[in-house]
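Me: Can you walk me through this model? Keep it brisk.

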Amino acid sequence: MPTYRKKNDAEPTLNYTRRGFRLKDGRLHLAGNIVLTVVWSRDLPAEPSSVRVYRDSVGHWYASFVVPAEVQPLPETGRVIGIDWGVKETATTTSDAHDLPHPQHGEKAKAKLTRYDRMMARRKPAKGRAASNGYREAKRLRAKTYQKIARQRQDTGRKWAKHVVRDHDAIAVEDFRPKFLAGTTMARKAADAAIGATKRALLEMSRKHGRDVRLVHPAHTTMDCASCGARTKHALPLSERTYTCTACGVLSPRDKNSARVMLLRAGLNPAGVEGVRPPGAPLQEAA
């Protein structure tokens, strides 16, 4: 059964609608004669309709404004791309230049996190007693490290998404559910890959720049042949990284074949072996 977070353990959050706040001279005025000096990360593109003031686990306060989304169209490129999510590589695409390798941000900070966990275990207060300054400091350092990892994953995902969206007009994306790997032996590596956050960044970036995104159901994508469309009788084990079609005999990397299957299922008709588009097709596959 789900457990509810205790009131004392939850971070404070304040939500205000348009009648509860106003912006004047770069300062945020809240209901109750509360005036806050905001360090702006960027200018607001439009008048905000609401604001959420909250504190994170490190103790920093933030103000998040809700504004209407605006589309910033990019020039057309005439290219399409298929994207397959994975664990060995976070994203495998039909273009070698746009593959996203596993960044391993969490693995790199594993030693530091283990150290802070041991510090907290040694200094954990007895039940009913207040925590010591040393315990609170170790807890803050642990939260700060996790925050850095989350920001690194977010930054990597956004930069990669911007690269993909800028170079392609249409994107066929595997509609992958990260919870699918939650109960497997690859759960830790899949969580470190941040597939869900990267996919969300790609969808947001595509919506912002008016690109055509088509979500493809992930069923049997590793069993279908991107060349002839035949399907194998049995699912491939994860240890087998090369796809061999029993019908046409084509050999290709497993993830690359799945990425090309995304294009076929999305109806984007990728280029053939010679890289030539079918007659009358306006889009071409990225090389």
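**Charges, contacts and surface**

Reply: Helix α2 (residues 110-122) gives the most to the positive patch, with 4 residues. Helices here are DSSP runs of H or I, at least four residues, and strands are runs of E, at least two, both numbered from the N terminus. This is a predicted model: local features need pLDDT of at least 70, side-chain atom pairs count only at pLDDT 80 or more, and totals for chains, interfaces and linings use all residues. Residues are numbered from 1 along each chain as its sequence is written, and side-chain values use heavy atoms, with hydrogens and water left out.

Me: Which residues gather in that patch of positive charge?

Reply: Lys112, Arg115, Arg118, Arg122, Arg123 and Lys148. Patch residues have over 30% relative accessible area and no salt bridge; like charges are joined within 9 Å, and nonpolar side chains (Val, Leu, Ile, Met, Phe, Trp, Tyr) within 5 Å. Lys and Arg count as positive, Asp and Glu as negative; His and the chain ends are not counted. A charge is placed at NZ of Lys, CZ of Arg, CG of Asp or CD of Glu.

Me: Is Arg118 buried or exposed?

Reply: Arg118 is exposed, because its relative accessible area is 54%. The cut-offs are under 20% for buried and over 50% for exposed, with partly exposed in between (1.4 Å probe, protein chains only). Arg118 sits in helix α2.

Me: And which residues form the nonpolar patch?

Reply: Leu23, Trp40 and Leu44, with about 220 Å² of accessible area together. Those areas come from the Shrake-Rupley method with a 1.4 Å probe; for residues, only the protein chains shown count as cover. Leu23 is in strand β2 (residues 21-24). At a relative accessible area of 33%, Leu23 is partly exposed.

Me: Zoom out. How many helices and strands does the chain have?

Reply: 6 helices and 14 strands. The chain has 287 residues, and 36% of them count as buried. Its accessible surface is about 18,500 Å², with 52% belonging to carbon and sulfur atoms.

Me: What about contacts between residues at least 6 apart in sequence?

Reply: Of those, 61% join residues at least 24 apart. Contact means heavy atoms within 4.5 Å.

Me: Switching to salt bridges. How many does the structure hold?

Reply: 14. The criterion is a side-chain nitrogen of Lys or Arg within 4 Å of a carboxyl oxygen of Asp or Glu. One of them joins Asp117 and Arg142, with the closest N and O atoms 2.5 Å apart. That pair links distant parts of the chain: Asp117 is in helix α2 and Arg142 in helix α3, 25 residues apart.

Me: How exposed are Asp117 and Arg142?

Reply: Asp117 is partly exposed at 32% relative accessible area. Arg142 is also partly exposed, at 28%.

Me: How far apart are Lys159 and Asp155 in helix α3?

Reply: They are 4 residues apart, so about one helical turn separates them. Lys159 and Asp155 form a salt bridge, with the closest N and O atoms 3.2 Å apart. Lys159 is exposed at 55% relative accessibility, while Asp155 is partly exposed at 37%.

Me: Which residues are linked in a network of salt bridges?

Reply: Asp96, Asp99 and Lys256. Elsewhere, the side chains of Arg214 and Asp212 meet in a salt bridge at 2.9 Å, N to O.

Me: Back to burial. Why does Lys199 count as buried?

Reply: Because its relative accessibility is 10%. Lys199 is in helix α5 (residues 195-208). Beyond residues up to four places away in sequence, Lys199 touches Trp85, Glu174, Asp175, Phe176 and Leu215.

Me: And where is Gln147?

Reply: In helix α3 (residues 133-167). Gln147 is buried, with a relative accessible area of 16%. Not counting residues up to four places away in sequence, Gln147 touches Asp56, Val58 and Tyr62.

Me: Last one. What is Lys88 in contact with?

Reply: His102 and Lys189, leaving aside neighbours within four places in sequence. Lys88 is in the loop between β7 (79-85) and β8 (89-93). Lys88 is exposed, at 60% relative accessible area. The C-alpha atoms of Lys88 and Ala193 are 8.9 Å apart, though 105 residues separate them along the chain.
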